[in-house]
Amino acid sequence: MGAMGIHRLNHAVLYVTDLERSVAFYRDVLGFRRVPMTPEGFRGAAFLQAPDSTNDHDLGLFEIGAQAGRSTAGRATVGLYHLAWEVDTLDELAATAQRLTQAGALVGTSDHGTTKSLYGRDPDGLEFEVVWLVPADQIDEAALAARTRIGRLDLSAEIHRYGGDTRGGVGISIPA
């Protein structure tokens with residue numbers, strides 16, 4: 001048997017305690033928009049599309065109620081750690097960092113050499129990553145070597161180095 005020809009993650013589905021609170025977070029902080037896909041008569045679900053996505057939806061949210069316990073994945077059980085969404089420019093990454101900070105949702109940053117990352121948590125404590133990828137034609141030996149460690153992200157220095165409006169991922173996740 002051959003390998004599956006996967007191109008990208010199509011969508012993620014999260015269980016949340018309060019649907020409208022989660023919709024507001026993903027809308028107001030990350031710019032997702034609600035799309036009318038919930039089947040008639042079905043309550044407690046919302047489908048969201050990322051700001052520049054051409055996908056019919058990128059995130060499904062299903063409400064299970066306030067009685068639900070917090071996820072223990074990675075601490076006491078196996079499970080998903082996080083999903084990563086990619087932005088096109090470092091200026092977008094910086095704006096996202098500001099919005100996450102204002103919402104009290106930024107929990108970390110890191111420099112993985114070829115990937116510049118922000119880490120956030122939604123209202124239910126579910127972690128996600130927002131990344132900018134160094135364009136393939138700008139990847140050097142230092143960036144490749146840095147993939148084996150987690151460094152401190154200096155977003156201002158990265159903007160100075162690569163330019164705030166340089167599209168990332170060209171040749172990596174965006175066809176050249």
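These legends describe close-up views of a predicted model. Residues are numbered from 1 along each chain as its sequence is written. Local features need pLDDT of at least 70, and side-chain atom pairs count only at pLDDT 80 or more, while side-chain values use heavy atoms, without hydrogens and water.

**View 1. Helix α2 packs against helix α4.** Helix α2 spans residues 90-102 and helix α4 residues 155-162 (helices are DSSP runs of H or I, at least four residues; strands are E, at least two). Their angle is about 165 degrees, with the axes 10 Å apart (axes are lines fitted to C-alpha atoms over the stretch in contact; angles run from 0 to 180 degrees between N-to-C directions). That makes α2 roughly antiparallel to α4 (over 145 degrees). From α2 come Leu90, Asp91, Leu93, Ala94 and Ala97; from α4 come Leu155, Glu158, Ile159 and Tyr162 (contact means heavy atoms within 4.5 Å).

**View 2. Phe47 and Phe62 form an edge-to-face pair.** Their ring centres lie 6.0 Å apart, with planes at 90 degrees (rings pair if their centres lie within 6.5 Å; planes under 30 degrees apart are stacked, over 60 edge-to-face, the rest tilted). Phe47 sits in strand β3 and Phe62 in strand β4, 15 residues apart. Phe47 is buried at 12% relative accessibility; Phe62 is partly exposed at 23% (buried is under 20%, exposed over 50%, partly exposed in between, with a 1.4 Å probe and protein chains only).

**View 3. Trp132 and Tyr162 form a tilted pair.** The ring centres are 5.4 Å apart and the planes at 55 degrees. Trp132 belongs to strand β8, Tyr162 to helix α4. Both Trp132 and Tyr162 are buried.

**View 4. Ring pairs build a cluster.** Its members are Phe25, Tyr26, Phe32, Trp85 and Phe128.

Methods:
Angles under 35 degrees count as roughly parallel, over 145 as roughly antiparallel, 65 to 115 as roughly perpendicular and the rest as oblique.
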